[in-house]
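Student: I would like to go through this structure with you, term by term. Where shall we start?

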Amino acid sequence: MEEPLQRRRRRRSGAGLERPLSGRLYRAAWAVVVVPVLVTAFTVGQPAPLPAPELPASFDQGTAVRLAAELAERFPDRRPNTRGAAGAAAWVEKHLGDFGLPPARATFTAKVPGVGERTFVNIFAIVPGASRQAIVVMAHRDNLGLSPGANDDASGTAALLELARNVVTPTEGRQVSLEHTLVFLSTDGDAFGGLGAAEFARDPGPVLRLIGPQASIAVVVNLDAIAGAGPPRLEFAGDTPRSASPAFLRTVDERVRKQNGSAPSRPSIAGQLIDLAFPFSLFGQAPLVARGVPAVTLTSGGARPPPPSGDTVAALRRGRLGEIGRSAQGLLASLDQAVDAVRGTDSFLYLGSRIVRGWGIEFVLLAALLPFFVSTLELFARLRRLRVPLAPALRSLRSRLAIWLWGGGVFALLAVVGAFPKGEARPLSPDTAAAEDWPVGALSLLAFLSAVAWLLARPRLVPRRPLEREAELAGHLAAMLGLGVAALLVAATNPYTLLFVLPSLHAWLWLSELEGGIRARIALYAAGFAGPALLLVSFAVRFDLGLDAPWYVLALAAVGYVPVSLGIAFLVWGAAAAQLGALAVGRYAPHPRWSERPRLGPIRSALRRLELARRARRRALRER
């Protein structure tokens with residue numbers, strides 16, 4: 001039989017504790033979300049491209065193919081600080097000089113994960129125009145040394161040189177007259193995470209000083225692996241949730257369509273949304289977009305640069321190189337006529353002829369928090385009215401958060417000492433050992449130390465008595481409050497990242513009311529992981545990382561590419577998820593009362609158990 005106090009408590013609470021959440025209020029809050037959805041529908045726009053160039057493209061496909069083959073065959077290994085890298089740099093400088101364009105150098109150093117600190121050289125040449133606003137054509141000349149790199153990126157370097165030659169060579173008997181300054185930039189280190197492009201984005205001073213006072217970078221066109229088997233493709237994601245202006249992308253689209261006969265491919269709507277939620281790209285436009293410079297990459301690859309295996313001169317697609325080269329030439333002509341119309345960056349979904357404004361999507365994602373917070377506040381108010389104590393549940397969550405913060409601290413320490421990849425806060429090349437080889441020893445140490453922290457905290461987290469409904473709801477509410485804090489941290493950092501958090505908020509909100517056995521609760525609990533799973537599946541499929549995707553995301557965090565605020569939000573989210581997991585499987589317990597705690601703390605208890613074990617072994621040896 002129930003104790004009298006328990007019976008009175010159940011009569012006082014009635015059915016309120018069996019159905020603590022109001023489905024009607026939850027649905028009403030979702031009705032409010034319809035408003036931002038309608039507002040977002042009205043943000044759909046149709047950007048207009050810049051005018052087509054007046055002169056036909058004179059890009060010489062044969063010359064570009066010959067240059068790509070020459071660079072790949074003469075310098076097949078163009079890794080940093082190698083003889084091939086120095087030779088390729090001198091080769092680019094010689095060709096620019098032959099065109100009457102004095103080359104200049106910008107040298108910098110950077111740490112490459114798994115390689116160490118290396119010296120890199122960006123080479124550029126300037127063609128003055130009437131305006132000191134510069135249109136930059138960029139291509140990287142380095143490679144990973146695993147193949148000659150004929151497509152990635154001798155083809156882009158060859159197209160850059162051919163475009164430079166065309167600018168300084170009279171076309172149809174007329175000298176080209178430029179409205180804007182042109183800069184031809186050959187970057188170094190982009191095969192290792194866009195290091196050359198990132199350095200140019202961070203410090204364009206060496207280029208701007210040669211252009212003159214009040215010089216600025218208007219737009220950047222990046223050519224990367226443009227002679228592959230795939231169709232022409234646009235890459236425009238940035239290191240922040242922004243992209244080049246819609247008019248710029250639409251102009252690139254039209255110039256490619258004119259040469260290829262069809263529109264270039266681009267990231268899908270889902271892919272673009274994920275790129276806003278977790279800004280990431282393996283191409284050189286990303287760091288420039290993050291600095292507010294409109295930039296786009298023209299490529300014949302996918303979301304990931306083509307693999308180095310088989311990247312030989314024989315595999316070059318000559319026609320594709322010519323198509324994209326002529327597209328780039330037409331694009332430069334259009335930009336030179338009206339580059340002011342494509343200045344700046346913005347966030348949006350690019351659908352080709354139409355766009356959806358990013359602020360509308362942010363509005364919808366933020367509004368989707370409303371049903372969760374309304375229901376959580378309702379549960380909080382109900383438990384307060386019934387005088388259900390929340391402190392034990394909050395202390396239980398605090399203990400779990402301490403475990404997660406300990407694991408995060410150990411991870412950060414291992415990254416600092418070099419147990420994990422250490423380098424610039426840039427994406428790792430997926431074809432390097434740093435991205436492919438899991439550091440089993442360091443990960444095992446991280447798992448071991450995290451397990452030790454859990455074992456020390458376990459005595460305060462295991463059930464000691466049957467769990468009452470009031471304590472169960474208090475534990476659920478504490479976890480919901482933790483999830484709310486994590487969601488607010490995410491929203492303050494990047495509202496688009498709520499895409500990965502919202503499934504857990506709305507699925508786990510109803511765990512306390514789910515009717516059915518433990519299997520149903522576990523199924524609903526698993527549904528809450530749809531957000532993080534979406535991110536990992538995206539890396540596994542879009543970037544062809546497969547089972548290496550979890551390690552790759554960890555490596556991004558180790559080099560500092562992931563913002564610290566998102567890391568903290570993840571740890572808070574993980575602690576709340578752990579408490580809800582214990583509730584789902586019936587292993588949750590509120591923080592014990594003083595009278596229920598062991599006389600010794602967790603560390604002293606562990607030491608005492610070790611000492612008793614040591615004495616028992618000595619006693620057993622003496623008895624033998």
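Tutor: Start with Phe-420: leaving out residues up to four places away in sequence, Phe-420 touches Phe-411, Leu-414, Ala-415, Pro-439, Ala-442, Leu-443, Leu-446, Trp-551 and Ala-558. Contact here means heavy atoms within 4.5 Å. The model is predicted: local features need pLDDT of at least 70, side-chain atom pairs pLDDT 80 or more, while totals for chains, interfaces and linings use all residues. Numbering runs from 1 along each chain as its sequence is written, and side-chain values use heavy atoms, without hydrogens and water.

Student: Which residues touch the most other members of the largest nonpolar core?

Tutor: Phe-420, Trp-508 and Phe-539, out of 82 residues. A nonpolar core is a set of buried (under 20% relative accessible area, 1.4 Å probe, protein chains only) Ala, Val, Leu, Ile, Met, Phe, Trp, Tyr and Cys residues joined through side-chain atoms within 4.5 Å.

Student: How do you know that the span of α16 agrees with a helix?

Tutor: The expected span is 1.5 Å times one less than the number of residues. For the 18 residues of α16 (440–457) that gives 26 Å, and the end C-alpha atoms are 26 Å apart, so the two agree.

Student: Why are the buried residues of α16 said to line one face?

Tutor: Seen down the axis, they fall within an arc of 100°, so they line one face of the helix. They are Ala-442, Leu-443, Leu-446, Ala-453 and Ala-457. Their cover includes α14 (391–416) and α21 (549–558).

Student: What does the face turned away carry?

Tutor: The exposed (over 50%) residues Val-440, Gly-441 and Phe-448.

Methods: Helix = DSSP H or I, 4+ residues; strand = E, 2+ residues; numbered from the N terminus. Arc of directions from axis to C-beta.
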